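My entries follow in the order in which I looked.

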There are 2 protein chains.
Amino acid sequence: MTTALLTDMYELTMVRAARAAGTAERRSVFELFARRLPDGRRYGVVAGVGRALEALERFCFDDEAVDFLLGRGVVDEGTAEWLRGYRFTGDVWGYPEGEVYFPYSPLLVVEGTFAEAVVLETLLLSIYNHDSAIASAASRMTVVAEDRPCIEMGSRRTHERAAVASARAAYVGGFASTSNLEAGRRWGVPTVGTAAHSFTLLHDSERDAFAAQLGALGEDTTLLVDTYDVEAAIRTGVELTGGRLGAVRLDSGDLPLVARRTRELLDSLGATRTKIVVTSDLDEWTIAALAGAPVDGYGVGTSLVTGSGHPTSGFVYKLVARSAGGPDTPLEPVAKKSQDKISVGGRKYALRRLDEQGVAEAEVIGVGRRSEADRNDRQLLVPLVREGEVVGAEPLAAARERHLRSRAELPLDALKMSRGEPAVETIWEGRP
Amino acid sequence: MTTALLTDMYELTMVRAARAAGTAERRSVFELFARRLPDGRRYGVVAGVGRALEALERFCFDDEAVDFLLGRGVVDEGTAEWLRGYRFTGDVWGYPEGEVYFPYSPLLVVEGTFAEAVVLETLLLSIYNHDSAIASAASRMTVVAEDRPCIEMGSRRTHERAAVASARAAYVGGFASTSNLEAGRRWGVPTVGTAAHSFTLLHDSERDAFAAQLGALGEDTTLLVDTYDVEAAIRTGVELTGGRLGAVRLDSGDLPLVARRTRELLDSLGATRTKIVVTSDLDEWTIAALAGAPVDGYGVGTSLVTGSGHPTSGFVYKLVARSAGGPDTPLEPVAKKSQDKISVGGRKYALRRLDEQGVAEAEVIGVGRRSEADRNDRQLLVPLVREGEVVGAEPLAAARERHLRSRAELPLDALKMSRGEPAVETIWEGRP
């Protein structure tokens, strides 16, 4: 399926007008970045890179799309012909997936002709704005969950395709698994799931329901124990498994209290290895509040897939440089006049500056190229696309591991749940 | 493309366990509803009905999906065989798209075997939770915009497929058009778009950029006038068109003030018919604040596609009745024990009660069937699927018109932007 119509109409009317004016082929550099982190957040997490690279490969205009655009009068015949032959032939550098970011981090640098680069704007922003919002929320949750696994189960609370991307982004942000089957099939995210309240209600008794579940899924399954009476349900589950029940799930009530009582009851019944999984509108704060409770895993839904208060990341995609003439004409920085926004034209570099202990202390950004990294500086931009060929694809697990490494470099303050400033400062080098 | 893996894993493990226990074929009734409106909202808008019906028609398990499920050990061979033959054969009633709703309005009533109805849970919830959140936000915006058209332009701020659904839902909620091309192609939503700041920056001067745009798109186009100096840009645009410029777009600054100055300048230059469109992080409150300003249209992005603070609707899908035996066994209401939630088992009816002036005064809900509507009561549940066949499909424009009619029936208080209670009371009939 082509991705090319997942696009704002003005991208194509701009191509049409620039073609007519002879400016469509001017060499251009676009940059994707955020002017600020979501209010109060201390770091962000880059996600969607792998999805964006796939979408780029499928970004072409098939006959149906072109006919639609012609029929609506969006493009003229010449532009239609150009669209039919469209393939991105330029270069893209970017932060690799899972890396943390800060205000003005140049997450993507897209270089090509104006026309071929501008038409990617909407799709790249959609993917980055969504996926990074989810991964950023996920990372906060896995910080406070520490060694206890977090399970993504928010599919039902968001658009059905956004749900798949959310499960993927949550995995990048450190989640262990998801309830979403398509995320398992498409991206290899581990999937989990056992039963809902409806399953208990379907049967003539809770005992019948538990017996049915245990018979089909084995003793290692997780029983949902709060349909009627939690204590009675736990006793039934332990009895039916001779104490070998895998886990119980608590989905209501005062979770710290109920978890403690559940642990005591399980232990008193000899089910000392039965785990306790909690769900029920969890977010990073309620997870933190459960740190002292005997809980073995967290299922998180709504707050994760809605970015825990920040469902989008505020990324923009700006033309920062372009040539005024042919292919050999030098790039010139350009920027909109702006009272309250920093706009720095020109192609950027970006470094994560680390101190001697390996702790991140600054995001260093400058215009141009900077070949030699000082001290422990890490180059943040890696090649993603070279002359139209994707070169930055990698397994999703690599992004997840990178995130955990990158997060571990942050100063301790970065991991506080309270509202704060970006954990490291953005430093502009060589700025006038 | 099949939609069947856009699903939580536990839907399929429940089918597996129920099949083993002989309970999978029990006749069941599921209901989709919200326990409350998003905090402070006075009404909600049902959207996603048409999308859900299409997803239902494409809900089947192809070989690739079944192989994945078998390979992961999600289902056994018998369940896999059942999935291969899966088609929903039951009945669905629901609120038609665009209708307003209140707490406990039974938006969908799904009747079939447990197995065939439970597997639809995640997908139906995803679609309804997302689309209704967007339509509900859109409706508040079009209320305060009154006769001025609202343009949906939030694609870049949300997942690329959610963007298409958002444009569609915004249209149901009264928006006039969208920037999203796929929403135009797929759902017939009117599309609009002209140029971004990058187009002006691409050219050697703003005059060159405007001339290029006017040459390609005609004098009736909308020029973006705030890249450098608003007044100079307006003068250039008017000059280049001999005063016949279609519209100018303002995307920054103190909009009420800038809009007034822009109107005065346009009028003084003789461009009295040139319209003013404003964009720049608008929401229902900033639109309301512009009511007295000379503005002709609003472009809304982020706040719309994130549901203006409520990106999801909180709908749940609950088993409310099931038979304990064969097809002729009567349905029995079932409900989870709950301290703080009203759970009423059984298949519902729903009526909008109108007073003598045609103003909505209550949402009347009861268990069972209620053939005769009293007074001006309107039956809210219509047939959507009969014995597996979709019977409730309709053009999107019908949903938009229904919404505007249904909203017009609400008491005036319903249209206040301030936080409040549901505009009409939910009345339970015949409840013990």
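Entry 1, a helix pair within one chain. In this predicted model I looked up helix α7 (residues 160-172) of chain B and helix α15 (residues 396-408) of chain B, whose axes come within 7 Å and cross at roughly 45°; axes are lines fitted to C-alpha atoms, for helices over the stretch in contact, and angles run from 0 to 180 degrees between N-to-C directions. α7(B) and α15(B) are therefore oblique to each other, given that angles under 35 degrees count as roughly parallel, over 145 as roughly antiparallel, 65 to 115 as roughly perpendicular and the rest as oblique. I took helices as DSSP runs of H or I with at least four residues, numbered from the N terminus. On the α7(B) side I noted B:R168, B:Y171 and B:V172, which meet B:L396, B:A397, B:A399, B:R400 and B:H403 of α15(B), contact meaning heavy atoms within 4.5 Å. By class I recorded five nonpolar, one polar and two charged residues, where Ala, Val, Leu, Ile, Met, Phe, Trp, Tyr, Cys and Pro count as nonpolar, Asp, Glu, Lys and Arg as charged, and the others, Gly among them, as polar.

I noted 93 residues from chain B and 93 residues from chain A in the contact. The area buried between the two chains is about 7,800 Å², with 59% from carbon and sulfur atoms; buried area is the accessible area (1.4 Å probe) that two parts lose on being put together, summed over both. I found twelve salt bridges across the interface of chain B and chain A, each a side-chain nitrogen of Lys or Arg within 4 Å of a carboxyl oxygen of Asp or Glu. In the A:R156 and B:D8 salt bridge, the closest N and O atoms are 2.9 Å apart.

A:E182 and A:R185 form a salt bridge at 2.7 Å, N to O, and both lie in helix α8 (residues 181-187) of chain A, three residues apart.

I number residues from 1 along each chain as its sequence is written, and letter chains from A and number ligands from 1 in the order in which they are written. Local features need pLDDT of at least 70 and side-chain atom pairs count only at pLDDT 80 or more, while totals for chains, interfaces and linings use all residues, and side-chain values use heavy atoms, with hydrogens and water left out.

Conventions
Helix = DSSP H or I, 4+ residues; strand = E, 2+ residues; numbered from the N terminus.
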